Amino acid sequence: MSDHLIAPHGGSLVNLIVDDDRSAELKAASADWPSWDLTPRQACDLELLLNGGFSPLRTFLGQADYDSVCTQMRLADGTLWPMPICLDVTEEFAATIPPGTSVALRDAEGVMLAVLHVEEIYRPDREAEAQAVFGTTNPEHPGVGHLLNRSSPCYVSGRLEGMQLPHHYDFRPLRLTPAELRHEFHRLGWTRIVAFQTRNPMHRAHQELTLRAAKEVEANLLIHPVVGLTKPGDVDHYTRTRAYQALLPTYPRYTAMLSLLNLAMRMGGPREAVWHAIIRKNHGCTHFIVGRDHAGPKDRAGNSFYGPYDAQQLLAKYQEEIGVQMVPFQMMVYVEDQSAYMPDDQVPEGARVLNISGTELRQRLSEGRDLPEWFTFPDIVKELRKSYPPRHKQGFTVFFTGLSGSGKSTIANVLLVKLLEMGGRPVTILDGDVVRKHLSSELGFSKEHRDINIRRIGYVASEITKNGGIAICAPIAPYDATRKDVRSMVEEGGGFILVHVSTPLEVCERRDRKGFYAKARAGIIKEFTGISDPYEEPIDADLVIDTTGFTPEEAAQEIILHLEREGYIGPESES
Ligand code: PPS
């Protein structure tokens, strides 16, 4: 069938899925086998092991292959392979699976995907692995951070039998395995195929680049974005895939195809580029585009871990051995006076070059500002705007913190009414007392219980925020670290405004609306915030309001003005 297609790495396409009879046999035998619940990364790796995306690998690496991959970029038999693919498990689990044990590998729902017949367990030197594979032990590198801080210390290997591929319910027709893609290429008569790897939305620069690459080597184009695990903070794959689908009609008819790759990236720059090329070879591609700083992360200060063309250089060394031809590309930039894109090393001297960075793009989306036609396509903007609406259409949380009796609930209720009066978004109030009645009735006031209480509020607020609503929370929330956790949880899906109601203890105590302060002083109520329990003043509050000199209405108005300034409340006509 695939006579004219490129041979997979190692000569033949691995397929580890057993037949139905064997699968039934394994399932029946597995009742008393230990189970390992795969991490998201391991589930991605397993999928590509089972379907041959990682050919010639037939299982997670054993020690001989692992050592050789780390130091030589080759398997023990000499085959080029740049990335360790390992099954890491905890010490406790490793102690229960001596060689000879069969382990059921399960997905997050508990479905058995494969069986690993354990042959060896070893304890890698993960620092040495980081240095060898990523060229650094700095945990700000996402691949290193994962390896040193989130992976488990024991690696397990042995014969692997697949029962089923992990199931994906999204974008089914776009998730083609290496065998399915090869079949499709054969059907279409495509033999020269250039693959484009991406983890970002594609705009005109990428479209120009891929089109030029395809023309240059006279090949068809496979847009092959990674939808497994990419870099934290990347645009989610649902949005990206809709954007790729919107891009497809901009290519000449029948020359480009889109397929999704459930790969867990490591952001390993040069080694990652070699790995990506091998994976694309397994998917039937003959050419592979490598741009500037391929799969290269930056540290917190914004410095790249790799040189901009390191990945191209390393792949250039191995392309012949792999048999996939690299199509190297400079960064494409827009030259204004020529109204055209060109590689940045071909820009005439003095020409004005335009570019919009990822950060600038997000900024423009959140402010609802224009995205110029030279930068991207209207249909792509439409998709991005759906997922990244301007701030005045996003959800947000106003989180009050302050002592009992400081005025949190009163201001929160005024704010609620004012936001309801404006309309546009649903508003939910999560007041301290109300939450303790409905969500946290079993909790007391120890540090542990207060933290659970605040995390529950934070979780509910983050769900409301993510879905475009407004949450107003008004607990005491005395601990800084817990408030910070809530902030980061909420900010994943919208805005978070911390309001410190800083009314001094003397004033709160003088008011003593509920009589609690008197009881606390008398020792009748224990662990009372401000009297016999701590309150950590926030230093990260977005607003500080002392109600000693403010009416609740004035205080609420301050918050409204802040929301307006930050863009959360927009012009009436647009809400
Ligand atoms: S926390 O610390 O954020 O979990 O507290 P919270 O859920 O906001 O609950 C505070 C309300 O519970 C009443 N109450 C106490 N507060 C503080 N310390 C102790 N020991 C305590 N016991 C009961 C008090 O009425 C608080 O309500 P507000 O509205 O803040 O006055």
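Predicted model: local features only at pLDDT ≥ 70, side-chain atom pairs only at ≥ 80, totals over all residues.

Biologist: How many aromatic pairs does a search of the whole structure find?

Modeller: The search finds 15 aromatic pairs. One of them joins tyrosine 66 and tyrosine 122, with 5.6 Å from centre to centre and 50 degrees between the planes, and this pair is tilted. Tyrosine 66 belongs to helix 3 and tyrosine 122 to strand 4, so that distant parts of the chain, 56 residues apart, are linked.

Biologist: Why is the pair of tyrosine 122 and tyrosine 155 edge-to-face?

Modeller: The planes of these two rings stand at 85 degrees, and an angle over 60 counts as edge-to-face. Tyrosine 155 lies in strand 5, so its pair with tyrosine 122 in strand 4 ties together parts that are 33 residues apart in sequence.

Biologist: Is tyrosine 122 buried or exposed?

Modeller: Tyrosine 122 is buried, with a relative accessible area of 4%. Tyrosine 155 is also buried, at 3%.

Biologist: How does one describe two packed helices?

Modeller: One gives the angle between their axes and the distance between the axes. Here, the axes of helix 16 and helix 17 come within 9 Å and cross at roughly 15 degrees. Helix 16 is therefore roughly parallel to helix 17, and their crossing is right-handed.

Biologist: Which classes of residue make up the contact of helix 16 with helix 17?

Modeller: The contact has six nonpolar, four polar and three charged residues. Among them are Asp451 and Ile454 in helix 16, and Asp485 and Val486 in helix 17.

Definitions and conventions. Residues numbered from 1 in each chain as written. Heavy atoms only, no water. Axes fitted to C-alpha atoms, helices over the stretch in contact; angles between N-to-C directions. Helix = DSSP H or I, 4+ residues; strand = E, 2+ residues; numbered from the N terminus. Parallel < 35°, antiparallel > 145°, perpendicular 65-115°, else oblique. Left-handed = near helix turned anticlockwise from the far one by under 90°. Contact = heavy atoms within 4.5 Å. Nonpolar A, V, L, I, M, F, W, Y, C, P; charged D, E, K, R; others polar. Phe/Tyr/Trp six-rings, centres within 6.5 Å; stacked < 30°, edge-to-face > 60°. Buried < 20%, exposed > 50% of the residue type's maximum accessible area, 1.4 Å probe, protein only.
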